[in-house]
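Biologist: I have a model open and want to learn how to read it. Where do I start?

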Amino acid sequence: MALVNLPTGQLKIEYRDASGSKGSTIFHFPYATLASVVVTVADILSAAINALSDAAVDGYTITYAKTEDTPATPTAGSRVEEKGNFVFRTANGRTTRFTIPAIVDSVLNASGSVNQSSLLVTALVDAVIAGDFAFQSADGSDITALLEAYQSFRGSTRRQLPTDR
Amino acid sequence: MLKPSAVVELVWQDETGSTAVTALSIPSSLTVDEIDADASALASILVPLTGCVLIKQRIKYINVPETPVTASGSTPIARTGMFFFATDGISSDGLISIPAVKDSIIMTTGPGEGILIDETNADVIAFTDTVVDNGISNPFGDDFTSFVIAYLQSRV
């Protein structure tokens with residue numbers, strides 16, 4: 001049971017035409033290629049493509065993906081629509097958040113808030129804010145403290161509805 | 001410009017097969033290996049907090065234009081150039097599609113008139129050389145070693 005990388009990473013160059021419609025071109029590169037190298041190549045490719053296309057290059061995304069080769073069995077009754085929301089303060093006075101789908105009941109209070117003294121939760125929060133990891137907010141600010149954590153429920157998308165309904 | 005933060009996506013699957021993502025930002029100045037180490041360590045902390053199982057991890061570096069972009073012509077995005085490349089390996093060849101290709105690179109004479117992309121056009125040569133010379137591959141990791149043919153296709 002392990003996350004295994006795909007043979008290639010993916011470079012997706014995105015475009016916008018005169019009407020505002022979007023399109024993309026996908027390139028692949030060997031997974032071991034450094035991101036800095038791919039960025040250089042992406043800039044060269046973008047320039048070359050600009051000469052071929054009337055659409056404007058509207059940025060690109062470089063993705064390295066790994067997949068689980070033998071996934072475990074999810075817990076009975078687990079539903080991704082049930083979220084654990086973790087909202088953090090950042091050094092620049094803003095907030096950043098992430099969600100954990102199918103948050104386990106054992107870390108929830110009766111009100112639906114997350115029990116912040118749970119050992120599982122303190123382990124997560126300590127790891128995120130203590131500098132063990134390099135995670136930050138989208139604008140590059142350090143994560144400094146947990147602001148709030150709570151359970152919420154999202155509406156199911158059409159694809160998430162039961163197929164045997 | 002490269003955004004200051006790359007994105008780590010952990011993809012989870014529940015009992016029904018539905019999936020959801022936990023997404024976090026991390027400095028884009030870090031290497032894939034460095035980000036991968038943090039992502040794996042975080043995932044091990046998250047696993048006991050969810051009834052889902054981890055099925056995928058993605059690391060994304062995102063580049064955005066510094067100023068708003070404007071299309072250089074009125075060609076619709078669906079007017080697509082299909083560029084076919086060959087590999088040295090035993091796997092199949094691969095293709096690269098470019099939307100809204102300019103009329104100026106389409107053949108105007110001969111049996112490929114209006115359909116084939118002109119392989120002798122300088123901009124086409126520049127693009128195909130860039131692909132072949134810079135380690136671009138098919139999805140199986142076989143490097144493209146030569147350009148084969150390109151033609152116009154409508155992809156609505």
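Modeller: We will go through strands, then the core, then domains. Keep in mind that this model is predicted.

Biologist: How many residues of strand 4 of chain A are buried?

Modeller: Buried here means under 20% relative accessible area. Strand 4 spans residues 56–68 of chain A, and eleven of its 13 residues are buried. That makes the strand mostly covered.

Biologist: Which strands does strand 4 of chain A pair with?

Modeller: Look for bridges between strands. Within chain A, three bridges join strand 4 to strand 1 (residues 3–5). Val4(A) sits opposite Thr67(A) there. Six bridges link strand 4 to strand 2 (residues 8–16) of chain A, with Ile13(A) opposite Tyr60(A). Strand 4 of chain A also pairs with chain B: eight bridges join it to strand 3 (residues 53–63) of that chain. One pair of bridge partners is Thr63(A) and Lys60(B). The pairing with strand 3 of chain B is antiparallel.

Biologist: Which residues touch the most other members of the largest nonpolar core?

Modeller: They are Phe27(A), Tyr64(A), Phe86(A) and Phe127(B), in a core of 76 residues. Helix 1 (residues 35–50) of chain A gives the most to this core, with eight residues. Both domain 1 and domain 2 of chain B supply at least three residues each.

Biologist: What does Phe127(B) touch?

Modeller: Its contacts lie in both chains. Among them are Phe27(A), Leu45(A) and Ile49(A), along with Phe83(B) and Ile96(B).

Biologist: Where are the two domains of chain B?

Modeller: Domain 1 covers 5–60 and domain 2 covers 79–154. The C-alpha centres of these domains of chain B lie 35 Å apart.

Conventions:
Residues are numbered from 1 along each chain as its sequence is written. Chains are lettered from A and ligands numbered from 1 in the order in which they are written. This is a predicted model: local features need pLDDT of at least 70, side-chain atom pairs count only at pLDDT 80 or more; totals for chains, interfaces and linings use all residues. Side-chain values use heavy atoms; hydrogens and water are left out. Domain bounds come from an automatic or database domain assignment. Buried means under 20% relative accessible area, exposed over 50%, partly exposed in between (1.4 Å probe, protein chains only). Helices (H or I, at least four residues) and strands (E, at least two) are DSSP runs, numbered from the N terminus. Two strands pair if DSSP finds at least two bridges between them. A nonpolar core is a set of buried Ala, Val, Leu, Ile, Met, Phe, Trp, Tyr and Cys residues joined through side-chain atoms within 4.5 Å. Contact means heavy atoms within 4.5 Å. Lists of a residue's contacts leave out its neighbours within four places in sequence.
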